[in-house]
Amino acid sequence: MTIPMPAALALCFVFGACIGSFLNVCIYRIPRNLSIVSPGSACPACKKRLPYYTNIPVISFLVLRGRCRFCGCPVSLQYPLVECLTGIVAVITCLAFGLTLEALVWFAFAATLIVVSGIDLAFWIIPDRISLPGIAVFGFLAWAVLDRSPAAIGLGILAGGGILYAVALVYYLIRRTDGMGGGDIKLLAMIGAATGVPGVVFTLFAGSVLGTGVGIAQMIRRRHTDRQMQIPFGPYLSAGALIYVFYGGPLIDWYFFRAFS
Ligand SMILES: [Zn+2]
């Protein structure tokens, strides 16, 4: 693989930020059951349509100082954050996989996880509208582009869905309340379709470590003692899956090198 030029990486960032702008639309509209293609973007407060020149990723937010051009209502910081994050993910994808079809698959995977995380953080749900087609689409792409065998893909889906389903069942049997959302089960099945059984194991491990770390930090900060305090698991599973896709190989090597030498 040739190292991409800085100019190519800058283009990747701009491309990613533009896609991020669309992901913001998805995060706002999918949980509200609105179409993601029409009508064009509008201010949620004054409902005025936003002309294209106020829709430039990140820059519009900075120029307008985070306010709607028409009514002056504050615009959520989510917009520039998702745009920047998607731009950075595009650069990381390009660095890891070059300008290849494989890179496009992983970028689409990352974009899907960004939408899932945004919705889970805001609404505490992971819509079936994303995870169920996601299982089929990423399963197909893993076979067609990533050269994975149908058996490996099927096992990944079963492992992802099965592990969290078992956890949810055990939790229910012990405490008689639902601890794990059904959305998380289908999300990990989708992650399994794309990354296989090793990806599922890594994602669960990394996601639990990240989730526990942030959970403990929040408990200390808010002096929460309620051990049943729930945190949305989707963003942590998503982060774990992306760490696996981009850095999984080296991290696993490092872990086993440290553990067994
Ligand atoms: Zn407005």
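Modeller: Start with Pro-39, which sits in the loop between α1 (6-29) and α2 (59-63). The model is predicted. The peptide bond from Ser-38 to Pro-39 is cis, with omega near -5 degrees. Go on to the loop between α2 and α3 (78-97), where Arg-65 is found. Arg-65 is not a glycine, yet its phi is positive, near 50 degrees. Most residues other than glycine have a negative phi, and most peptide bonds are trans.

Next come two packed helices. Helix α4 (residues 101-123) and helix α5 (residues 128-144) cross at about 170 degrees, and their axes lie 11 Å apart. An angle over 145 degrees counts as roughly antiparallel, so that is how α4 and α5 run relative to each other. On the α4 side, the contact is made by Val-105, Phe-109, Thr-112, Val-115 and Val-116. They meet Ile-130, Gly-134, Phe-138 and Leu-141 of α5. By class, this contact has 7 nonpolar, 2 polar and no charged residues.

Now helix α7 (residues 182-222). A straight helix of its 41 residues would span 60 Å, but the end C-alpha atoms of α7 are only 28 Å apart. α7 bends by about 125 degrees at Thr-195. A proline, Pro-198, follows within four residues.

Last, confidence. The protein chain averages a pLDDT of 89, and 92% of the residues score at least 70. Among its elements, α5 has the highest mean pLDDT, 97. Helix α8 (residues 234-259) has the lowest, 85.

How values were computed:
Residues numbered from 1 in each chain as written. Predicted model: local features only at pLDDT ≥ 70, side-chain atom pairs only at ≥ 80, totals over all residues. Expected span 1.5 Å × (residues − 1). Bend = angle between axes of the 7 residues up to and from the residue. Axes fitted to C-alpha atoms, helices over the stretch in contact; angles between N-to-C directions. Parallel < 35°, antiparallel > 145°, perpendicular 65-115°, else oblique. Contact = placed C-beta atoms within 7 Å. Nonpolar A, V, L, I, M, F, W, Y, C, P; charged D, E, K, R; others polar. pLDDT = per-residue confidence, 0-100.
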